[in-house]
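User: Hi! Could you walk me through this structure? I'd like to start with the packing and then get to the charged pairs.

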Amino acid sequence: MQRFKIIGTGSYLPDNVVTNDDLAKTVETSDAWIRERTGIGARRFAPEDAATSDLAAQAIRRACADAGIGPEALDAIIVGTCTQDTIFPSTACWVQEKLQVRGMPAFDVMAGCTSWLYGLKVAADMVAGNAALKVAVCGAEMFSKILDFQDRRTCVLFGDGAGATIITGTDGDTGLLSSNWGSDGTLASILKVPAGGSAKPSSHATVDAREHFVYMEGSKVFRHAVTAMSSGMVQAFSDADVAAADIDVFIPHQANKRIMDACLDRTRIQEHQVFSVLEKYGNISAASIPVAMDEARKAGVLDDGHTLAVTAFGTGLTWGAGVLRM
Ligand code: UT7
């Protein structure tokens, strides 16, 4: 078990709501297709002049306020994202600039939609046994800046947002009762942004070929997502010695309602245990679990003493699952 206590949560979603009907004005798609294939009804898009760190800083500010501390009291800032502000420095360092805090380590974790869960496991080791330490784990994304609006198979899926959790060490029985994480880099090429890195630096040619946008082989990703998320969850249940029925709240990474439903089938979790923000925010990648956790806490659905199950899947391909005692 990795012992820690979540002492604060916060989230930030840009104000601009883009419905499926709004998208259908410029993309050859329809509200009916998107809802039926994905369960998504709308998403938020950030302003042109905003960056991922703006969303992350707001979410961390709110999580700190919820924890009753100022951002300067944090001992580390971890940002999970695959839509970083710049190739370098890390988004977490830009967050420090926006929060006007310095000194504590700040770094990004890049595991796609699994990034927040990866970050949580790293943070749990950092605070282990030390109640004086406080670490912010944030999932933040700005997909609107890397979507190809000429590719209707991907541009309808993603949105922008950020969610943050503040964790501290504890001797109590809260934290990750069980967890697992993994990655299969032999599948790296099925979900990627092809250009802009060292493998293929940006050039006029890469921009003309639209290689600075998301490329995804949707049906392959779908298949692997269902298998990885559900088998990770089943393993975590077994390791924690809990049954699906013991779970108070289930928050899977929210990419697609059909992926979530297939996970329910395979894990025996019931629909009423699920807390979802997918319909209103779309796939917000690393932000989806911490945003849903924050909204579940604020709605009184998720509370101290509850058992929370989380499972995620993302580019890499990465995955992770955990059973959390709040
Ligand atoms: O965090 C992980 C991120 N990744 C994911 O969540 C993606 C996982 N994959 C998926 O969710 C699904 O593969 C999609 C939702 C992306 C696509 O669903 P699908 O059932 O696999 O559809 P498809 O790609 O097989 O396309 C079916 C049809 C095609 O038309 P034809 O060739 O049958 O005439 C597409 O051209 O649907 C068409 N289509 C659309 N039609 C209207 C594809 N996208 C759209 C669209 N609007 N947005």
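**Helices, sheets and salt bridges**

Analyst: Happy to! Helix 5 (residues 115-127) lies across strand 5, strand 6, strand 7 and strand 8, and runs at about 170° to strand 7. Please keep in mind that this is a predicted model.

User: Good to know. In what order do the strands of that sheet come?

Analyst: The order is 2-8-7-5-6, in an open sheet of five strands with mixed pairing. Strand 2 (5-12) and strand 6 (106-109) are the edge strands, each pairing on one side only. On average, neighbouring strands of this sheet are turned by 20° against each other, direction ignored.

User: And how many bridges join strand 5 to strand 7?

Analyst: Five, and the two strands, residues 76-80 and residues 134-142, run parallel. As one example of the pairing, Val79 has Cys138 in strand 7 as its bridge partner.

User: Which strands does helix 3 lie across?

Analyst: Helix 3 (residues 52-67) lies across strand 2, strand 5, strand 7 and strand 8 (160-168). Its direction makes about 135° with strand 2.

User: OK, what about the sheet with the order 1-9-14-13-12?

Analyst: That one is also an open sheet of five strands with mixed pairing. Its edge strands are strand 1 (2-3) and strand 12 (249-252), each with pairing on one side only. Within the sheet, strand 13 (residues 307-314) and strand 14 (residues 318-325) pair in the antiparallel sense over eight bridges. Leu308 stands opposite Leu324 in strand 14. Helix 5 turns up here too: it packs on this sheet, touching strand 1, strand 9 (175-183), strand 13 and strand 14, and its direction makes about 125° with that of strand 9.

User: Where does helix 8 lie on it?

Analyst: Helix 8 lies across strand 9, strand 12, strand 13 and strand 14, running at about 150° to strand 13.

User: How do helix 8 and helix 9 cross?

Analyst: The axes of helix 8 (residues 218-240) and helix 9 (residues 257-267) come within 9 Å and cross at roughly 40°. The crossing is right-handed. Among the residues making the contact are Phe222, Met229, Met233 and Phe237 of helix 8, and Ile259, Ala262 and Cys263 of helix 9. By type, the residues of this contact divide into 10 nonpolar, three polar and two charged.

User: Nice. Switching to electrostatics: how many salt bridges does a search of the whole structure find?

Analyst: It finds 14 salt bridges. One of them pairs Lys200 with Glu211, at 3.0 Å from N to O. Lys200 lies in the loop between strand 10 (191-192) and helix 7 (204-208), and Glu211 in the loop between helix 7 and strand 11 (215-216), so the pair ties together parts that are 11 residues apart in sequence.

User: Are those two buried or exposed?

Analyst: Lys200 is partly exposed, with a relative accessible area of 35%. Glu211 is buried, at 19%, and the cut-off for buried is under 20%.

User: Which residue forms a salt bridge with Lys257?

Analyst: That would be Glu271, with the closest N and O atoms 3.7 Å apart. Glu271 lies in the loop between helix 9 and helix 10 (278-281) and Lys257 in helix 9, so this pair ties together parts 14 residues apart in sequence. Glu271 is partly exposed, with a relative accessible area of 47%, and Lys257 counts as partly exposed at 29%.

User: Which residues are linked in a network of salt bridges?

Analyst: Asp31, Arg35 and Glu279 are linked that way.

User: And what can you tell me about Lys298 and Asp294?

Analyst: Their side chains meet in a salt bridge at 2.5 Å, N to O. Both lie in helix 11 (residues 288-298), four residues apart, about one turn of the helix. Lys298 is exposed, with a relative accessible area of 53%, whereas Asp294 counts as buried at 5%.

User: What is Asp294 in contact with, leaving aside its neighbours within four places in sequence?

Analyst: Asp294 is in contact with Thr9, Gly10 and Ser11. Gly10 is 284 residues from Asp294 along the chain, with their C-alpha atoms separated by 5.7 Å.

User: Great, thanks for the tour!

Conventions. Residues are numbered from 1 along each chain as its sequence is written. This is a predicted model: local features need pLDDT of at least 70, side-chain atom pairs count only at pLDDT 80 or more; totals for chains, interfaces and linings use all residues. Side-chain values use heavy atoms; hydrogens and water are left out. Two strands pair if DSSP finds at least two bridges between them. Axes are lines fitted to C-alpha atoms, for helices over the stretch in contact, and angles run from 0 to 180 degrees between N-to-C directions. Contact means heavy atoms within 4.5 Å. A crossing is left-handed if the near helix is turned anticlockwise from the far one by less than a right angle, and right-handed if clockwise. Ala, Val, Leu, Ile, Met, Phe, Trp, Tyr, Cys and Pro count as nonpolar, Asp, Glu, Lys and Arg as charged, and the others, Gly among them, as polar. A salt bridge is a side-chain nitrogen of Lys or Arg within 4 Å of a carboxyl oxygen of Asp or Glu. Buried means under 20% relative accessible area, exposed over 50%, partly exposed in between (1.4 Å probe, protein chains only).
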